[in-house]
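Reader: I have a structure to study and some questions about its inside. Can we go through them one at a time?

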Amino acid sequence: MFVGEIAALGTACLWGLSTYMHTNAAKLIGAWPLTLCRTPLVLFYNICIALIIGAEWVFPSQSIGWILLSGVLGLGVADTLFYEGCTRIGARTGSILWQMTPCVTAVIAFFTLGESLTLLNLVGMFVIIGSVLSITNQNDDQTDIPVDSKEWRYGFKLVLVSVLALGLSHVCIRKGLSYGLDPLMGSILRIAAAASCAWIAATALGQYHKIFEQKENMKKAMKIVLVASFFGTTIGNWIALFSMKYAKAGIAASLISMTPLAVIMITAVVDKKMPSRRVVLSVLTACGGSALLFI
């Protein structure tokens, strides 16, 4: 009972930790090198888990295309743009922006999966968007590092585009899992697609050498990535697929969007950056909007 909802909340906690740690790694080596290092490692973790638990390697033909597309959009495009943006606007601001993902997911699911939208749902969307924009419309003390306004706006736009890509990814996951695909097998397919596309693109553009040009920073970053990739990307993405399978796409995305609360708590404890009352109130209001979105 409520398996999907519980899985979504667990995902939010793990992704909060992952967001904080991966943002720090991206500041050291860049977002694209982070994706090039992270995705093969996560693929290895998932294959090991599948072998240990004796999972059945069954891939319904109807699921494959949807899951591969979700991997490219979610772990490839969305994550890379998100962490590139977070190096400019900070993990807290970036994760707060990601609270708009349920709105995007719900609208796309309405047109593609036939999921319903009521007047209250629409009100919830406006509450979420208004709350998020009220605390992310300027370069203030919510950023982790001082940046000029041009860089901040660029990072802001990158994260917004990542929200769209993630919303599309969520709907693709929901569609792919509807054909009976095991969530762990789905996770392996998604990561394999993201890793393959990232390395193919890097090779075609001659950018793969970047991961070998920052030896000292790479050593520091890999220590972070080894931990964050296992708990955040591997375990987090695995149970995220459970949430997408057993809960409506919009509800799962709504609960997962509570990730900013975890990020805020982590930054408060580790970096001694206490959130302002405005930030806390707006985040809670956005969570309330998420509830309205799915009444």
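Reader: How much space lies in the second largest cavity?
Author: Keep in mind that this is a predicted model. A search of the whole structure finds two cavities of 30 Å³ or more. The space in the second largest cavity is about 90 Å³.

Reader: Which residues lie nearest the centre of the second largest cavity?
Author: Twelve residues line this cavity. Elements giving two or more residues to its lining are α7, α10 (249-256) and α11 (259-270). Nearest the centre are W98, T101, L166, I256 and S257.

Reader: How many charged residues does the lining of the second largest cavity have?
Author: Sort the lining by class. Six residues are nonpolar and six are polar.

Reader: What is the volume of the largest cavity, and which residues are closest to its centre?
Author: Its volume is about 230 Å³. The lining has 22 residues. Closest to the centre are W15, L75, D79, W98 and N237.

Reader: Which element gives the largest share of the lining of the largest cavity?
Author: The elements that give two or more residues are α1 (3-29), α3 (61-89), α7 (149-177) and α9 (215-246). One of them supplies six residues, the largest share. That element is α9.

Reader: How many charged residues are in the lining of the largest cavity?
Author: Go class by class. Eleven residues of this lining are nonpolar, and eight are polar. The charged residues number three.

Reader: What about the largest pocket: which elements each supply at least two residues of its lining?
Author: The pocket holds about 190 Å³ of space. Its lining includes W32, V72 and A194. By class, the lining divides into seven nonpolar, three polar and no charged residues. The elements that each supply at least two residues are α2 (31-53), α3 and α8 (183-204).

Reader: Which element gives the largest share of the largest nonpolar core?
Author: That core has 43 residues. Those with the most contacts inside it are L34, L97, V132 and V283. The largest share is six residues, and it comes from α7.

Reader: How many residues does the second, separate core have?
Author: Its members include I173, A194, A247 and L255. A194 also lines the largest pocket. The size of this second core is 26 residues.

Reader: Is S162 buried or exposed?
Author: S162 sits in helix α7. Leaving aside neighbours within four places in sequence, S162 is in contact with A78, L81, F82 and W98. Its relative accessible area is 0%, and buried means under 20%, so S162 is buried.

Reader: Which residue does L177 come within 6.0 Å of, C-alpha to C-alpha, although 68 residues lie between their places along the chain?
Author: L177 lies in helix α7. L177 is buried, with a relative accessible area of 3%. Not counting residues up to four places away in sequence, L177 touches I67, P183, L241, M244 and K245. The residue whose C-alpha atom is 6.0 Å from that of L177 is K245.

Reader: Is E213 buried or exposed?
Author: E213 is found in the loop between α8 and α9. E213 and I29 are 184 residues apart in sequence, but 9.3 Å apart in space, C-alpha to C-alpha. At 54% relative accessibility, E213 is over the 50% cut-off, so E213 counts as exposed.

Reader: How many disulfides does the structure hold?
Author: Take another cysteine, C172. C172 counts as buried, at 6% relative accessibility, whereas C48 is partly exposed, at 26%. The total number of disulfides in the structure is zero. C172 is in no disulfide either, as the nearest cysteine sulfur, that of C197, is 13 Å away, and the count stays at zero.

Definitions and conventions: Residues numbered from 1 in each chain as written. Predicted model: local features only at pLDDT ≥ 70, side-chain atom pairs only at ≥ 80, totals over all residues. Heavy atoms only, no water. 1 Å grid on protein atoms, 1.4 Å probe; cavity = no way out; pocket = protein on both sides within 12 Å on 5 of 7 lines; lining within 4 Å. Points joined across faces, edges and corners; volume = space filled by probe spheres on them. Helix = DSSP H or I, 4+ residues; strand = E, 2+ residues; numbered from the N terminus. Nonpolar A, V, L, I, M, F, W, Y, C, P; charged D, E, K, R; others polar. Core = buried A, V, L, I, M, F, W, Y, C linked by side-chain atoms within 4.5 Å. Buried < 20%, exposed > 50% of the residue type's maximum accessible area, 1.4 Å probe, protein only. Disulfide = S-S within 2.5 Å. Contact = heavy atoms within 4.5 Å.
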